[in-house]
Amino acid sequence: MIPAIHVLFVEDDPMIARTLSMGLRYEGFALSHAASVAAAMQLLQQQAFELLLLDVGLPDGDGIALCQQLRGLHPTTPILMLSARTDESAVVASIEGGADDYIRKPCGLRELSARMRRLLARHQPAALHRQVISFDSIQMDIQRRKASVAGTLLQLGKKEYEVLMLLVQANGDAITREQILNQFEDNNAIYDRTIDSHLSHLRRKLKDAGAIERIVAIYGVGYKLESA
């Protein structure tokens, strides 16, 4: 398995954190979210990250001060600051504090993803070759938008691919019906009742391809991938 790109996302606004996290995971990033400076420092002690995405305003400290601290601890890790502040002083302070780039909120997912990949290409180009994620025998080729089971290519529709991507990214954890609906940019074109149809088609195609994994319903929660 080629792992996804690991990103530490420090953001205290739960709505922004949830929306961007879902979108960036779909883009091939493995996000660990922290809502405070303290939580961010704890995560940094537990694992290494290939990119740091930091909010300027945090409940227990200043994101720019955190950026300065992390730049000293991780001199080669790209740092992208994210803030609702529009004044030039915040941008200047972020760059002087060690940030590689600065993006204002609200920001589009495509722009944010492009900026993150540009920083990775500059600092850690090897990370960009990590375009495949998997769950046991299921592999998702993000760049080519292909899915396979133990080498057998799955013939999936656009929505089926996106639902399977969510399940694989969850890595055995449950996803909700709301997550499936919110994942799609054109969520007005997919209705709650059609989720069952997509899942039914996915179950059949996985079984026909010989997958040992199955999609199981978790009552009152949602769905997850489970190995037989």
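Which residue takes a positive phi in the hairpin of β8 and β9? In this predicted model, the residue is D136, with a phi near 55 degrees, and the hairpin has two residues between its strands. The two strands, β8 (residues 132-135) and β9 (residues 138-141), run antiparallel and are joined by four bridges. One of the pairings links F135 to I138 in β9.

Turning to the helical part of the chain, L24 sits in helix α1, which spans residues 14-26. L24 counts as buried because its relative accessibility is 0%. Beyond its neighbours within four places in sequence, L24 is in contact with F29, L31, L53, L109, L112, S113 and M116. With L112, the sequence separation is 88 residues, yet the C-alpha atoms of L24 and L112 lie 8.7 Å apart.

A further buried leucine is found in a loop. L154 is placed between β11 (152-153) and α6 (158-170), and its relative accessibility of 8% falls under the 20% limit, so L154 counts as buried. Leaving out neighbours within four places in sequence, the contacts of L154 are A147, S148, V149, L164, K205, L206 and A209. L154 and D208 are 54 residues apart in sequence, and their C-alpha atoms are separated by 9.3 Å in space.

Conventions:
Residues are numbered from 1 along each chain as its sequence is written. This is a predicted model: local features need pLDDT of at least 70, side-chain atom pairs count only at pLDDT 80 or more; totals for chains, interfaces and linings use all residues. Side-chain values use heavy atoms; hydrogens and water are left out. Buried means under 20% relative accessible area, exposed over 50%, partly exposed in between (1.4 Å probe, protein chains only). Contact means heavy atoms within 4.5 Å. Two strands pair if DSSP finds at least two bridges between them.
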